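Please look over the sequence and the model first, and then follow the topics below.

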Amino acid sequence: MIIVIDYDAGNTANVLRALQKIGVQAELSSNRDKILAADGLILPGVGAYPAAMAELQQRGLVSAIKEAVAKGTPLLGICLGMQVLTEIGLEHQETQGLGFIPGVCREIQATKTMPVPHMGWNDLTVKQDSPLTAGLAGKSVYFVHSYFTDVPKEYIDVTADYGIEVPAMIHKDNVYGAQFHPEKSGDVGLGILEKFIALCVD
């Protein structure tokens, strides 16, 4: 079973619909036992880093997610869900993240030609191969975000150009992140979800 983690952070319905479209049975849950028994976990999210971490803590999900990842369960963070994979977020205030991937979530500095939020379709550049990157070079996906994950390059699999090199996909061990929205990125996004599911049922 794939569990989409429920922490009231939005966009879960679109993620569940996308999974259904590729024939995957998934459940929205904040139940610790279900999270620990899952074949794979997806952490979606729209909103602010401090609020997301506070909600995860309040629901007792931080320890459950860490325990599941420690025993090898694949985890995919989407948008805000990817950002909180880092050690620290600097949105509004300094906030401790899940700490799976070294780095800091920082604000994108707006320019006249690059307004914030970074919103819309953007081409991808593959920096290194991961189980989720096959066929992504030059493909376009849909972003909506104002912050980026400033992480060491060894964890950056894919980038997008938005005045800065925005980490679009990151990973370490069995933890993966997509800054864009696979569930809003057509066949390309569905393909990424399919590759993640393949990891979970391997």
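A residue is called buried when its relative accessible area is under 20%, exposed when over 50%, and partly exposed in between, using a 1.4 Å probe and protein chains only. The model is a predicted one, in which local features need pLDDT of at least 70 and side-chain atom pairs count only at pLDDT 80 or more, while totals for chains, interfaces and linings use all residues. Residues are numbered from 1 along each chain as its sequence is written, and side-chain values use heavy atoms, with hydrogens and water left out. Helices (H or I, at least four residues) and strands (E, at least two) are DSSP runs, numbered from the N terminus.

**Strand 14 and its partners**

- In strand 14 (residues 175-178), Val-175 and Gly-177 point one way and Tyr-176 and Ala-178 the other way, and all are buried.
- Two strands pair if DSSP finds at least two bridges between them; strand 4 and strand 14 run parallel and are joined by 4 bridges, with Ile-78 opposite Ala-178.
- Strand 13 (residues 164-172) runs antiparallel to strand 14, again with 4 bridges, and Lys-172 stands opposite Val-175.
- Strands 13 and 14 form a hairpin with 2 residues between them, and Asp-173 in the turn has a positive phi of about 55°.

**Helix 3 and helix 4**

- Helix 3 (residues 49-58) packs against helix 4 (residues 61-70) at an angle of about 85°, with the axes 5 Å apart; axes are lines fitted to C-alpha atoms, for helices over the stretch in contact, and angles run from 0 to 180 degrees between N-to-C directions.
- Contact, meaning heavy atoms within 4.5 Å, is made by Met-53, Leu-56 and Gln-57 of helix 3 and by Leu-61, Val-62 and Ile-65 of helix 4.
- The buried residues in helix 3 are Tyr-49, Pro-50, Ala-52, Met-53 and Leu-56.
- These buried residues of helix 3 pack against strand 3 (40-43), helix 4, helix 5 (80-83), strand 5 (88-89), strand 6 (95-96) and strand 7 (104-107).
- Helix 3 is followed by Gly-60, which has a positive phi near 70°.

**Thr-73 in its loop**

- Thr-73 lies in the loop between helix 4 and strand 4 (75-78), and it counts as buried because its relative accessibility is 6%.
- Apart from neighbours within four places in sequence, Thr-73 is in contact with Ala-38, Asp-39, Gly-40, Leu-41, Ala-68 and Asn-174.
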